[in-house]
Amino acid sequence: MRTYLLEIGCEELPPKAILTYKDFLKDYIQENFKDFFLYDSPENIKVFATPRRLAVLVKNLRDKQPPKQQIIIGPPYKVAVDEEGKFTKAAISFAQKNNIPIENLQKIENEKGQYIGAIITQEGKDIKTHILESVQNLFKSFPQLKSMVWNSSGYRFPRPIRWIVSLLDEEVLTFTIANVKADRYTYLHRFMTKPVGRGEKKELKNALEYEEITKLGFIIASYEDRKNAVKTQYEGFAKSLDAQTIQDNELLDEITCLTEFPVGIVGEFSPEYLTLPEEVIITVCKHHQRYLNFKKDGRLIPKFLAFSNTAVKDRDVVKAGYEKVLKARLEDALFFYKEDLKIKLDDNIEKLKGVQFHEKLGSLYDKVLRNLELAKNLAEKLDYKDTAKLERAVLLSKADLLTNMVKEFDELQGIMGMYYAIKQGEDEEVAKAIYEHYLPKTADDELPQTQLGTILALADKIDTVVSFFKIGEIPKASADPFAVRRNAIGIVRLLVEKQIDLNLSDVVKDQQVLDFILGRLESYLQSEGYKTDIINAVISLKDSNIYRNYLKVKTLQNISLRENFENIIQVFKRVGNIIPENFEGKVDVSLFQTNYEKDLYEKVLAVKDEYIKLVESKSYEDAITKLIELKPYIDSFFDNVMIMVNDEKIKNNRLSILKEINELFKYFADFTKIVGG
């Protein structure tokens with residue numbers, strides 16, 4: 001078994017690059033080396049990622065790729081072989097073009113018919129050749145992040161590449177990228193080995209030494225091991241303080257990305273700063289210092305945990321430095337807080353006229369007025385009666401953007417509006433809605449808890465999506481500068497998870513926007529584990545009620561687990577597939593020639609009204625059960641009635657029965673899009 005090590009040594013990579021590239025590396029190696037693994041095992045690939053290095057250790061490799069058989073299809077058999085059974089010029093030309101001996105040609109049958117062709121065995125590549133090809137292609141395939149050029153090679157990467165290790169067992173497989181030649185030398189911890197600033201240059205005798213050598217050199221190269229080390233220290237310090245940790249996976253990831261040898265140091269700050277809202281202290285610690293906080297009995301305590309990238313000799317000196325920096329930040333925050341409370345949020349509403357939202361969409365005040373109009377419309381449809389609270393909450397929703405605190409810490413928008421509103425005597429529901437109207441901020445963020453906050457959140461997000469579509473700022477696959485996609489996902493989550501029965505077309509008149517939001521619903525449902533064909537069967541009808549679409553997909557997925565589902569769907573699909581496109585026709589009972597037509601149509605009429613009521617009342621499982629009552633009648637119809645007869649009237653009348661049934665089906669979903677059956 002062979003083992004290959006690739007290490008890319010860099011100047012300090014930003015966290016986004018580390019998180020993106022570590023996953024990309026694993027996927028790339030898994031795909032490109034799959035023919036070389038002796039057996040399938042999680043141990044085959046181990047990825048390492050720190051600020052200074054990206055590496056992958058690939059184990060259990062065979063020396064040579066197994067031979068592959070390839071079928072090459074030529075001209076149709078009738079063209080390639082004459083009546084005497086001899087190969088024609090077409091066959092000979094095909095053989096010469098593909099370098100195939102004529103005697104190796106044979107008849108090959110596939111779903112399209114009979115052809116002449118050949119089965120060719122291709123010899124597998126040797127592992128060295130494959131590695132050199134794959135690894136050099138890897139450097140061309142890294143996802144495009146913000147990058148730089150640092151030398152005459154012109155190669156772009158997020159940070160300059162300083163060394164490359166490329167070892168197959170003990171042998172160096174040499175190549176050159178960005179003027180750096182691959183070798184067997186790595187560099188150990190920058191500050192804990194000498195020379196300080198670069199770290200010790202260390203020879204690797206073979207690929208399997210990598211983990212041990214780096215560990216001895218004060219580098220926890222495994223991202224997962226390093227993150228666990230951060231978490232373990234955090235939990236240990238919390239226990240020693242008789243306190244609790246605050247769950248923040250994003251911050252744990254960032255600390256992991258900033259260190260190669262994380263060492264936790266507990267510091268403290270003056271209890272006087274606890275007069276600030278907890279979110280302010282946590283934001284200052286997280287976004288500006290990368291410190292973790294502690295809670296005790298649900299309340300923040302004046303302690304924090306910072307991480308050094310080195311085992312320091314005098315922790316007190318480092319601790320004092322951390323505390324000094326944090327004190328200055330908290331002092332600023334306390335000053336901003338006190339100054340902001342001197343100004344009423346009311347006074348900032350008019351000032352929003354002077355703050356541009358977008359050059360083509362006017363000021364923040366214009367944005368607020370659009371939100372207000374939408375919120376009133378939504379409130380009416382969602383039966384929210386307190387219009388005074390609604391108007392007050394919308395008018396104050398953006399006022400905190402002009403406060404000192406939010407100007408300094410923009411992550412606190414909405415949060416500070418809520419606190420200032422409460423301090424200034426605003427209604428609690430209004431204050432909470434100011435915070436909640438930004439929710440959800442991400443795909444997995446919390447949702448508003450109040451109905452007022454939910455209405456404001458929907459209004460704000462709908463206006464953002466509609467407004468940017470209106471001026472042509474439509475998100476692209478690689479760019480979404482105005483977070484239109486994120487806002488659309490927020491709309492979907494609000495409607496689905498808050499169970500809001502709303503036709504978006506009553507609020508949004510632009511079909512392009514509705515289609516875009518339906519596209520986000522599709523992505524949301526896929527992320528929740530629903531089958532793509534079932535999602536398409538529902539969404540393809542372009543019903544703008546997001547919540548009802550979700551319930552239909554959920555119902556169909558549950559029903560799809562039944563044993564007889566495929567038989568049911570086969571009948572439903574057969575009805576939809578037989579009707580000609582754009583067919584128009586009405587059932588005329590006087591044209592019935594058999595009891596099968598009569599019985600089927602009578603059953604359709606008997607089922608129709610109750611089925612529609614069940615769909616309208618969102619009793620979707622009962623509605624499908626009602627539709628299934630048609631199955632034996634449809635089966636008998638297809639088994640005993642010729643539909644495509646010569647008599648045009650009879651044919652169209654029979655198609656009209658099926659069309660009416662299909663319209664019932666499409667009141668729920670387009671069953672022709674479901675795979676199987």
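This is a predicted model: local features need pLDDT of at least 70, side-chain atom pairs count only at pLDDT 80 or more; totals for chains, interfaces and linings use all residues.
Me: What length should helix 18 have, and what distance separates its end C-alpha atoms?

Reply: Helix 18 covers residues 511–527, and at 1.5 Å a residue its 17 residues should span 24 Å. The end C-alpha atoms are 24 Å apart, which agrees.

Me: Which residues of helix 18 are buried?

Reply: Start with a general idea: an α-helix has 3.6 residues a turn, so residues three or four places apart point the same way. Here the buried residues include Val 513, Leu 514, Phe 516, Ile 517, Leu 521 and Leu 525. The buried residues pack against helix 16, helix 17, helix 19 and helix 20.

Me: What can I look for at the start of helix 18, and what follows this helix?

Reply: At the start, a side-chain oxygen of Asp 510 comes to within 2.8 Å of the backbone nitrogen of Gln 512. After the helix comes Gly 529, with a positive phi near 95 degrees.

Me: Now for pockets. What is the volume of the largest pocket?

Reply: In general, rolling a probe the size of a water molecule over the atoms shows where empty space is left. In this model, the largest pocket has a volume of about 1600 Å³. Its lining has 49 residues, and Glu 411, Gln 413, Ile 415, Lys 441 and Asp 445 are the closest to its centre. Helix 8 gives the largest share of that lining, six residues.

Me: And which helix gives the largest share of the lining of the second largest pocket?

Reply: That is helix 16, with five residues. This pocket has a volume of about 330 Å³, and among the residues nearest its centre are Arg 370 and Asp 463.

Terms used: Residues are numbered from 1 along each chain as its sequence is written. Side-chain values use heavy atoms; hydrogens and water are left out. Helices (H or I, at least four residues) and strands (E, at least two) are DSSP runs, numbered from the N terminus. The expected span of a helix is 1.5 Å times one less than its number of residues. Buried means under 20% relative accessible area, exposed over 50%, partly exposed in between (1.4 Å probe, protein chains only). Contact means heavy atoms within 4.5 Å. A polar contact is a pair of N or O atoms within 3.5 Å; within protein, one must be able to donate a hydrogen and the other to accept it, and residues adjacent in sequence count only if both atoms are side-chain atoms. On a 1 Å grid over the protein atoms alone, a cavity is a set of points where a 1.4 Å probe fits but cannot get out, and a pocket is an open set with protein on both sides within 12 Å along at least five of seven lines; lining residues have an atom within 4 Å of a point. Grid points are joined across faces, edges and corners, and a volume is the space filled by probe spheres set on the points.
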